Amino acid sequence: MPKKGVKTPKAPIGDPNDPESLYNYMQRFLRWQAEKNYSSKTIENREVYLRYFIQWCDERGLAKPQDITKPIIERYQRYLFLYRKKDGEPLSTRSQHVRVVPIRAWFKWLARQNYILYNPASDIDMPRLERRLPKHILTVDESEKIINQPNIQTPTGIRDRAILETLYSTGMRRMELINLKLFDIDADRGTVMVRQGKGKKDRMIPIGERALRWVEKYQLEVRPALTMPSDEGTLFLTHLSEAFTPNRLTQMVREYIDAADIGKRGSCHLFRHTMATLMLENGADVRFIQAMLGHVSLETTQIYTQVSIRKLKDIHTATHPAKMERTRALDMEEGTDEENLFTALAAEGAEEE
């Protein structure tokens, strides 16, 4: 049995000894992405979806990149459209879309590297994505009810309360919270540095006073008992003195949402979406929300307006509902890109799931 943290090698598809096989060209493509500093998550996801495609090709006797034509890829798209999961449900349009995107990127690379004469995926039609609003958004009262679920008389309850407060206050992504370090929190300035977020971009965002108080309480009263001599400075630790895994964090947050019995389901991303919605309702300009969430662009937003951390902090303090004391919301212009903001958030949620 492999050691914890050591990934089991994945089985090759087709003839692993054929250097011209689809499988071996995929391996070259993955190595090239690593050399070009693509994120490990992007490479991992692309490998998953390319393996699906290569397995489908192998079952039909298609072994080399030269065997793949535009009609072949269109047949695969048709297969995805007709595919049914174990529960009998079809793949969503977004799921079909994300399975084809890596294929386009791969064949574009194959053509540019002159491994094939032309790119058969260059002109394929992609599924049109729905512009969906989220299934659930929390109200202020519902958010507070969930956040109050942890038993703060216990060490893990204090830790979990700090985690929920941080998610609610900052709207950061699940992996961004998992990767937080002790030195990323600046209590004096009321900010948190999100390092190497999506797209390997750093950003500094505000964190509310209430969330900071709970993080400080966790750091002083709980974290010292969880640390090991090899402590690497990860902020939130499990009872095993390790950083949370994505699934473990999702499970923990989901359990508190279910325990609140508010008739809504969700996990970490629900707080991200809720933060954006509530701040918009309280008068924050969509540009400030965009900066908080780390969205470089929002589909129809042509020019991204940079905002200073000081101004962003003022907007956060004025519009976020979780405050030590209530303050008057700033008068702001109404945002014009809310629909695109929520579309981007919905896409992130589907990606996280």
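User: In the protein chain, what share of the contacts with a separation of 6 or more comes from residues 24 or more positions apart?

Analyst: The idea is to ask how far along the sequence the partners of each contact lie. In this predicted model, residues 24 or more positions apart supply 63% of the contacts with a separation of 6 or more.

User: How many helices and strands does the protein chain have, and what percentage of its residues is buried?

Analyst: The chain contains 14 helices and three strands. Of its 353 residues, 46% are buried. The chain exposes about 19,500 Å², and carbon and sulfur atoms contribute 49% of that area.

User: Which residues of helix 1 and helix 2 meet?

Analyst: Helix 1 contributes L22, Y23, M26, Q27, F29, L30, Q33 and A34, which meet I43, R46, E47, L50, R51, I54 and C57 of helix 2. By class, the residues of this contact comprise ten nonpolar, two polar and three charged.

User: At what angle do helix 5 and helix 6 pack?

Analyst: Helix 5 and helix 6 (residues 155-170) pack at about 155°, with their axes 9 Å apart. From helix 5, the contact involves V140, S143, E144, I146 and I147, and from helix 6, R161, L164, E165 and Y168. The residues of this contact divide into five nonpolar, one polar and three charged.

User: Where does Y115 lie, and which residues does it contact beyond its neighbours within four places in sequence?

Analyst: Y115 sits in the loop between helix 4 (93-112) and helix 5 (140-147). Y115 counts as partly exposed because its relative accessibility is 28%, a value between the cut-offs of 20% and 50%. Beyond those neighbours, Y115 is in contact with Y25, R28, Q66, W109 and L110. Y25 and Y115 are 90 residues apart in sequence, yet their C-alpha atoms are 9.0 Å apart in space.

User: How many disulfides are found in the whole structure, and is C57 buried or exposed?

Analyst: A search of the whole structure finds zero disulfides. C57 is buried because its relative accessible area is 0%. C268, at 2% relative accessibility, also counts as buried.

Notes: Residues are numbered from 1 along each chain as its sequence is written. This is a predicted model: local features need pLDDT of at least 70, side-chain atom pairs count only at pLDDT 80 or more; totals for chains, interfaces and linings use all residues. Side-chain values use heavy atoms; hydrogens and water are left out. Helices (H or I, at least four residues) and strands (E, at least two) are DSSP runs, numbered from the N terminus. Buried means under 20% relative accessible area, exposed over 50%, partly exposed in between (1.4 Å probe, protein chains only). Contact means heavy atoms within 4.5 Å. Accessible areas come from the Shrake-Rupley method with a 1.4 Å probe; for residues, only the protein chains shown count as cover. A disulfide is a pair of cysteine sulfur atoms within 2.5 Å. Ala, Val, Leu, Ile, Met, Phe, Trp, Tyr, Cys and Pro count as nonpolar, Asp, Glu, Lys and Arg as charged, and the others, Gly among them, as polar. Axes are lines fitted to C-alpha atoms, for helices over the stretch in contact, and angles run from 0 to 180 degrees between N-to-C directions.
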